[in-house]
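Notebook open, viewer loaded. I want to look at one strand and its surroundings, then at a helix pair.

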Amino acid sequence: MGPAPDLLDRRLLFFTGKGGVGKSTVTAATALLAAERGKRVLLVEVDGKGNLTALFEHAPVGFEPRRIHPGVSAMQMDTEASLREYLRVQARVPVIGRIGPLARAFDFVANAAPGVKEILTIGKVCWELRESLEGRAPWDLIVVDAAATGHVVSQLDAPRAIQDLVHVGPVREQTDWMVELLDDPALTALNIVTAPEEMPVNETIDLVARARRDLTVPLGAVIVNRVLPELFTHADEATFEALRTPDAVAVLERTAGAGATAVLDAARLAVSLRRSRSPHLTRLREEVDLDLLLVPYLFVRDHGLRVTRMVAEALGQELG
Amino acid sequence: MSGPGSLEALLAAREVVVFCGSGGVGKTSVAAAAAVTAAARLGGRVLVLTIDPAKRLADALGLEAVGNVERKVSLEGYRGLGVEPRGELYAAMLDTKRSWDELVMRHAPDEATAYRILDNRLYHNVTSRFVQSHDYIAMERLYDLHASGNYDLIVVDTPPTRNAIDFLEAPARMSEFFGGRLLRWLTMPYRISGGRGARLINVASRPFYNLADRVLGSQFLQDIAEFFLNFQSMYGGFVERAGAVEELLHDRRTTFAVVTTLEGAPLREAESFCAELTSRSFHLGALVLNKTLPDYLLSDDSDRAASALERASDDLAAELAASGDPALAHPALADPAQTARVLRTLGDSFRDYEVVARREAELQAELARLPEVVVRVPTFDHDITDVVGLAEVGECLFAHAGTLHPSA
């Protein structure tokens, strides 16, 4: 087996991350970047908030993949729909006209029993991948906005967890090929979105260790979102400090008015914010040996497609 | 300072304050800061119950060891701010696994059943993955601590949930879980036949079992049913307890504070959470806008100054380099090209942050439903890692209500 291919040349990319770091934005941006590079992309929202498509300025979508942007189709995971599809297509269970009365019972067991919800989620994703590999589905790349760092291991580990618990039956047979696809570094990668702050970096370091220990899914890249710009070089910073001395401030205020102090304060804040974050970035570099892709903090007013595109551009530059 | 619309007044009037909000907004730090400041300024015995603090914050609170033990936290750091602490602060971290084990030991009809449950291989999965499990256990623990009567004020940091309202429903769902017809229905064949086969007895659940057999295999399902059967023996105690927990959350002595940043997604979630709290008749006490940018970014004076510094950068640089008296001239300002570049960078950077500050102000202005207390906490340019840092945040929390629309 040769070296793992570039990220976008794989077929299935999972994205996880701590809440608040911009996991969905990075996932959407990756889908957009791949589409702009000519790939047909399926974007899968797993965590059910239904606002991933808003990043393309498109209305929410359902379980059936729908085109939301040139080259990008999206679907929202729905474990009950996934079960129904599984039963119909693979287990060939005929009864499935009305699953309704069973839905609550199913929901109940799925909540309590280990891995049932997860397997239906991962199962659907793997199914789309297998269909694509065999030419029955059009996706060059499947991009999954997966569970947050706390839950992603159990999500991705579901097929193997089921193998441990269920020794016979159709589910058992189904999990073998899923594990094979998920474990293949030529096909699959788990990527972690983080930010240069204490908790997101801690969780990233923990997750990398845990994934290496408990998962066989290959790790991809760590995307560091919201990296603040370095305002000054070392020499510039000495000049900046000199500008904050009373004599210099007096000169600046004569020309620029009383607001000059606020401008200096704002720059001071920018420098300090950057500085308080940089040890976390350093720690990440030291403790995680995966590729780090840096996405700058975006000083923009709007949301939606424009921001997604800016993040996609930044990712594109980092990926080369 | 402590008018009726302040967080200080709110904390003084209540016994339980639950902080909630979506992930990454700084909920844990805000809750800890509120507790630190309440203990120092209001006095009495204050406990902060925290879920998953950052390592350094946990260290600051003396929580390096896991476990459900409450530890006293030194308020020494507060003296640095010139305030003599009036009360005492305690901190506890939620140990979900241990709390569940204790709960099982308490509610199981006998020790043998308790150990059968604790040893069940599904037990860990149910308690660690059942969606409401962490939420429920947090509320359960809160009930315990409140009932102990040891504290004048308990400040609770809620677990990171996908949906912030999950934990409000946790007690009701737990009652449903244990008391529900569904559980009886699912376990019926096993109860009747003593745990083995004979499913045909229950006509209603037959389609479910047929389906489940096809998908999961019957052994697996039987394991689940047996586990539920054992769990169900705790029914009475559990339901009663969940009812009491729910009552505490609705009690007049309890209030909720929603924490958010002024960013689109967290703010939308905070708003819907405020609405949910109100519609379920919980007491919505305060909204905390965390990590906000300073007001001076929005002033017209600053904006004009930023433009002027950029426009006049070359002239200013020349003036600063020549600066009359050479003894006063700063060596770092000797190169006009460099100084001019720094001045332009100042203008650029100001404009960058101004854009974000304006976005924040717009989002804040759009806030529809507001509780009586709305507090802004500025972004700190350093990490909050000790009691002094928490005190700084806490002083902002306590400072005053108002300054809602600083641009005005």
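Which unit do β6(A), helix α8 (residues 198-214) of chain A and β7(A) make? I find a right-handed β-α-β unit; right-handed is when, with the strands pointing away from the viewer, the path from the first strand over the helix to the second runs clockwise.

Housekeeping: this is a predicted model, where local features need pLDDT of at least 70, side-chain atom pairs count only at pLDDT 80 or more, and totals for chains, interfaces and linings use all residues. Residues are numbered from 1 along each chain as its sequence is written, while chains are lettered from A and ligands numbered from 1 in the order in which they are written. Helices (H or I, at least four residues) and strands (E, at least two) are DSSP runs, numbered from the N terminus.

Next I checked the pairing of β6(A) (at least two DSSP bridges between two strands). Strand β1 (residues 12-17) of chain A runs parallel to β6(A), joined by six bridges, and I see A:Gly17 opposite A:Val193. Strand β7 (residues 219-227) of chain A is also parallel to β6(A), over four bridges; there A:Ile192 has A:Val222 as its bridge partner.

Then burial (buried means 20 or more other C-beta atoms, placed from the backbone, within 10 Å of a residue's own). Seven of the seven residues of β6(A) (residues 188-194) are buried, so the strand is largely enclosed by the rest of the structure. Side chains in a regular strand alternate between the two faces of the sheet. I find A:Thr188, A:Leu190, A:Ile192 and A:Thr194 on one side, with A:Ala189, A:Asn191 and A:Val193 on the other.

Definitions and conventions. Buried ≥ 20, exposed ≤ 12 C-beta atoms within 10 Å, placed from the backbone.
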